[in-house]
Amino acid sequence: MRTLLTTGLLLLAHAVHATPLELTGQFAGVIWSAGVLVPSTTTFVQIDSRHAYGHYQMQTHEGLVSGQLYECTGLRPKFWRCIWSDQYGVGTLELELSSDGANFVGEWRSSSHPHSQVGMDWTGKRVSSTP
């Protein structure tokens with residue numbers, strides 16, 4: 001009985017602390033910017049099962065905008081939260097990877113409007129498994 005209980009607790013602990021899907025790679029997609037969806041490339045480098053960083057570029061009507069992604073944290077196996085930073089400001093990006101890790105769907109918010117109920121679209125489809 002004790003072995004069964006110990007095994008059950010170990011399985012529960014593993015489920016709670018499951019490793020997030022591999023985030024490392026380059027994704028082509030779109031980002032909502034200034035009222036329109038603009039083409040983007042988002043790149044992530046996963047450091048370990050819970051930490052990553054990256055960068056992105058988006059083609060706006062004003063030209064190419066580059067930004068950084070840092071303090072990316074794996075919240076659950078498919079969910080990540082990052083801080084983004086570019087010439088327009090700083091904010092958060094929350095994203096969910098598909099079950100096979102081939103794409104992500106996310107929302108970004110600006111830190112100047114931290115309580116906004118509406119997130120702006122940020123999506124990507126994996127084009128490479130290397131940064």
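**Entry 1, the pocket.** I began with the largest pocket, which has a volume of about 220 Å³. I kept in mind that this is a predicted model. Which residues lie nearest the centre of the largest pocket? I found S33, M58, D86, Y88 and W108 there, out of 16 residues that line the pocket. I then sorted the lining by class and got nine nonpolar, five polar and two charged residues. Next I looked up which strands take part: strand 1 (25–33), strand 3, strand 5 and strand 7 (103–110) each supply at least two residues of this lining.

How many strands close into the barrel? I traced eight, in the order 1-2-3-4-5-6-7-8, with antiparallel pairing. From one strand to the next, the twist averages 30°. As a reminder to myself, strands of a sheet pair through backbone hydrogen bonds, either parallel or antiparallel.

I picked the middle of the barrel order and walked along it. Strand 3 (residues 51–60) pairs with strand 4 over nine bridges, in the antiparallel sense. One spot I marked there is T60, whose bridge partner in strand 4 is G63.

From strand 4 I went on to strand 5. These two run antiparallel and are joined by six bridges, and they form a hairpin with two residues between them. Here I noted L69, which has W84 of strand 5 as its bridge partner.

W84 turned out to be a handy landmark, as it also stands opposite G91 in strand 6. Strand 5 and strand 6 (residues 89–97) share eight bridges and pair in the antiparallel sense. A hairpin links this pair too, through two residues.

Which residues of strand 5 are on the covered face? I listed W80, C82, W84 and D86. The uncovered face holds F79, R81, I83 and S85. D86 was already in my notes as one of the residues nearest the centre of the largest pocket.

I searched for disulfides and the structure holds one. C72 and C82 form it, with their sulfur atoms 2.1 Å apart. Why does this link tie together separate parts of the chain? C72 lies in strand 4 (residues 63–76) and C82 in strand 5 (residues 79–86), so the bond connects parts that are ten residues apart in sequence. I also checked the geometry: the angle about the S-S bond is 115°, and the link of C72 and C82 is right-handed.

Are its two cysteines buried or exposed? C72 has 1% relative accessibility, so I wrote it down as buried, the cut-off being under 20%. C82 also has 1% relative accessibility and therefore counts as buried.

Most residues other than glycine have a negative phi.

I located A34 in the loop between strand 1 and strand 2 (36–48). With a relative accessible area of 65%, A34 is exposed.

Where does E71 sit? I found E71 in strand 4. Its relative accessibility is 57%, so E71 counts as exposed.

Notes. Residues are numbered from 1 along each chain as its sequence is written. This is a predicted model: local features need pLDDT of at least 70, side-chain atom pairs count only at pLDDT 80 or more; totals for chains, interfaces and linings use all residues. Side-chain values use heavy atoms; hydrogens and water are left out. A disulfide is a pair of cysteine sulfur atoms within 2.5 Å. Helices (H or I, at least four residues) and strands (E, at least two) are DSSP runs, numbered from the N terminus. Buried means under 20% relative accessible area, exposed over 50%, partly exposed in between (1.4 Å probe, protein chains only). Two strands pair if DSSP finds at least two bridges between them. Axes are lines fitted to C-alpha atoms, for helices over the stretch in contact, and angles run from 0 to 180 degrees between N-to-C directions. On a 1 Å grid over the protein atoms alone, a cavity is a set of points where a 1.4 Å probe fits but cannot get out, and a pocket is an open set with protein on both sides within 12 Å along at least five of seven lines; lining residues have an atom within 4 Å of a point. Grid points are joined across faces, edges and corners, and a volume is the space filled by probe spheres set on the points. Ala, Val, Leu, Ile, Met, Phe, Trp, Tyr, Cys and Pro count as nonpolar, Asp, Glu, Lys and Arg as charged, and the others, Gly among them, as polar.
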